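Here is a colleague's note on a protein model. Please keep the structure open while you read.

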Amino acid sequence: MKFAVIGGTGLIGSKVVEKLRADGHEAVPCAKSTGVDVISGEGVEEAVAGADVIVDLTNSPTFDEAAPEFFRRSMGNLLDAGRKAGVGHFVVLSIVGVDQVPELDYYRAKTLQEELLAAGPIPYSIVRATQFMEFVDAIMSWSSDGDTVRLPETPLQPIAAQEVADAVAEAAMGTPLRGVHNIAGPEVFPLDELGRITLAARSDGRTVVTDDTAGMFSVVRGDVLTGRNDASLAPTRYADWLASH
């Protein structure tokens, strides 16, 4: 099969391309650096020509109120080009609980992306993942001030990027779900405790202060960003991931 992996040079995209190729498929990474601009539409039709499957791993360059327009335009261009090319399956990576946090511009934008895909002309699969282990440092940086990191107690269930990529590739190689598949890491942590574990493992002298008003995850209600009962659990534990990174 031939896969057009849009956003195929990024953290997840490059791993998806590698997995698909290892399984004997033709996987073409598409990004601005390869001449494909999902906003202007430049190179999109050429990128999906002859593809059996589109895997969309693009991301908005900002997390603010501009994000919905990014996904509106990118999905419009990709769906139109995919329909013209006769693509039989369109896969998108999204976020577990994304439709439960309307207070966040980026989450509303990703929910819009899902809705556009589901209403579009191509059979589809949505893979929703919990927060990546690779993003914990970035999350801490948003509310770090000198020697203090302020974090809420929001429950998260971190998953390794490699396992996200593997799940996306498996979905892309399979029959369209016409629905959502949730994936998550094996453990749930309060975000403040996740910060403490991370800093301790790296001998980082900063102190985590619990602050339920700090950072973007402060608006999350309850455990909506965890896999709860319906997610497939990846095997890698956070301590083991830390030890290898």
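The points below go through the sheets, the helices packed on them, and a few single residues.

1. Ground rules. This is a predicted model, in which local features need pLDDT of at least 70 and side-chain atom pairs count only at pLDDT 80 or more, while totals for chains, interfaces and linings use all residues. Residues are numbered from 1 along each chain as its sequence is written, and side-chain values use heavy atoms, with hydrogens and water left out.

2. The seven-strand sheet. Seven strands form an open sheet with parallel pairing, in the order β2-β1-β3-β4-β5-β9-β12. Helices (H or I, at least four residues) and strands (E, at least two) are DSSP runs, numbered from the N terminus. Two strands pair if DSSP finds at least two bridges between them. The edges are β2 (26-30) and β12 (232-233). Each has a single partner strand, so one side of each is left without a neighbour in the sheet.

3. Pairings inside this sheet. β9 and β12 run parallel and are joined by two bridges. Ile183 has Ser232 of β12 as its bridge partner. Two helices pack on the sheet. α4 touches β3 (53-56), β4 and β5 (124-129), and its direction makes about 160° with that of β4. α6 touches β1 (2-6), β3, β4, β5 and β9, and its direction makes about 155° with that of β4. Contact means heavy atoms within 4.5 Å. Axes are lines fitted to C-alpha atoms, for helices over the stretch in contact, and angles run from 0 to 180 degrees between N-to-C directions.

4. Strand β4. How many residues of β4 are buried? Seven of the seven are, so β4 is largely enclosed by the rest of the structure. Buried means under 20% relative accessible area, exposed over 50%, and partly exposed in between (1.4 Å probe, protein chains only). In a regular strand the side chains alternate between the two faces of the sheet. Here His89, Val91, Leu93 and Ile95 point one way, and Phe90, Val92 and Ser94 point the other way. Four bridges join β3 to β4, and the two run parallel. Val53 has His89 of β4 as its bridge partner.

5. Ser94. This residue sits in β4 (residues 89-95). Ser94 counts as buried because its relative accessibility is 3%. Setting aside residues up to four places away in sequence, Ser94 touches Lys110, Glu114, Ile126, Val127, Arg128 and Ala129.

6. Helices α3 and α4. Two packed helices are described by the angle between their axes and the distance between the axes. α3 (residues 67-85) and α4 (residues 105-119) pack at about 20°, with axes 8 Å apart. That makes α3 roughly parallel to α4. Angles under 35 degrees count as roughly parallel, over 145 as roughly antiparallel, 65 to 115 as roughly perpendicular and the rest as oblique. Residues in the contact include Phe71, Met75 and Leu79 of α3 and Ala109, Leu112 and Leu116 of α4. By class, the contact has 10 nonpolar, one polar and three charged residues. Ala, Val, Leu, Ile, Met, Phe, Trp, Tyr, Cys and Pro count as nonpolar, Asp, Glu, Lys and Arg as charged, and the others, Gly among them, as polar.

7. The three-strand sheet. A mixed open sheet has the order β6-β7-β11. β6 (144-145) and β11 (207-210) stand at the edges, each with a single partner strand, so one side of each lacks a neighbour in the sheet. β7 (residues 148-151) and β11 run parallel, joined by four bridges. Leu151 stands opposite Thr210 in β11. Helix α7 (residues 191-201) packs on this sheet, touching β7 and β11, and its direction makes about 175° with that of β11.

8. Val208. Strand β11 holds Val208. Is Val208 buried or exposed? Val208 is buried, at 8% relative accessible area. Leaving out neighbours within four places in sequence, its contacts are Val149, Leu151, Asp192, Gly195, Arg196 and Leu199.

9. Two positive phi values. Arg178 is not a glycine, yet its phi is positive, about 50°. Arg178 lies in the loop between α6 (161-173) and β9 (180-184), and counts as exposed at 58% relative accessibility. Ser203, also other than glycine, has a positive phi near 50°. Ser203 lies in the loop between α7 and β11, and is exposed at 69% relative accessible area.
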